[in-house]
Amino acid sequence: MTQQGATLQSYNNELVKCIEDLCAKRGLLTQQINQEEEEKSKLQNDIRILTEKLAKVNESLARKMASRNEFDRTIAETESAYLKILESSQTLLNVLKLESGHLTKGNEVRTNLPSSQQ
């Protein structure tokens, strides 16, 4: 019977050691779980912050693009108006030269007339 008691004691010691090993492994795993949960929480917070920053950048970008489009529209309208002014100036210059030519010809005729006809 002593032999059976010794065998039982040996099994008991081995069982206790296995349970202790399992508890140690469980403790290590719990530690890893806690670290990963901490990391997950930090990453979720980073994602939230980055999402907010992205939203702000998108809003700013949309406003700036709308402003740029307004600049483009204003520039196009101004260039078009300026071209019309240039065309009008050219037309005015041509008319003025023509009228000046007519006036000059009229004065030449008068200066060439004998003094009694002037």
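Trainee: Where does Met 1 lie?

Mentor: Met 1 sits in the segment before helix 1 (2–112). Helices here are DSSP runs of H or I, at least four residues, and strands are runs of E, at least two, numbered from the N terminus. This is a predicted model: local features need pLDDT of at least 70, side-chain atom pairs count only at pLDDT 80 or more, and totals for chains, interfaces and linings use all residues. Residues are numbered from 1 along each chain as its sequence is written, and side-chain values use heavy atoms, with hydrogens and water left out.

Trainee: Is Met 1 buried or exposed?

Mentor: Exposed, with a relative accessible area of 78%. The cut-offs: buried is under 20% relative accessible area, exposed is over 50%, partly exposed is in between (1.4 Å probe, protein chains only).

Trainee: Zoom out. How many helices and strands in the chain?

Mentor: One helix and zero strands. The radius of gyration is 50 Å, well over the 13 Å that the globule rule gives for 118 residues, so the chain is more spread out than a compact globule. That radius is taken over C-alpha atoms, and the rule is 2.2 Å times the number of residues to the power 0.38.

Trainee: What box do the C-alpha atoms fill?

Mentor: Roughly 170 × 15 × 10 Å, along the principal axes.

Trainee: What share of the residues counts as buried?

Mentor: 0% of the 118.

Trainee: Which residues does the UniProt "coiled-coil region" cover?

Mentor: Residues 19–60, according to the unreviewed UniProt entry. UniProt positions are in the numbering used here, feature names are shortened, and annotations may be inferred rather than shown by experiment. In the model, residues 19–60 are 100% helix and 0% strand, and the end C-alpha atoms are 61 Å apart.

Trainee: New topic. How many disulfides?

Mentor: Zero, where a disulfide is a pair of cysteine sulfur atoms within 2.5 Å. Cys 18 is in none; the nearest cysteine sulfur, that of Cys 23, is 11 Å away.
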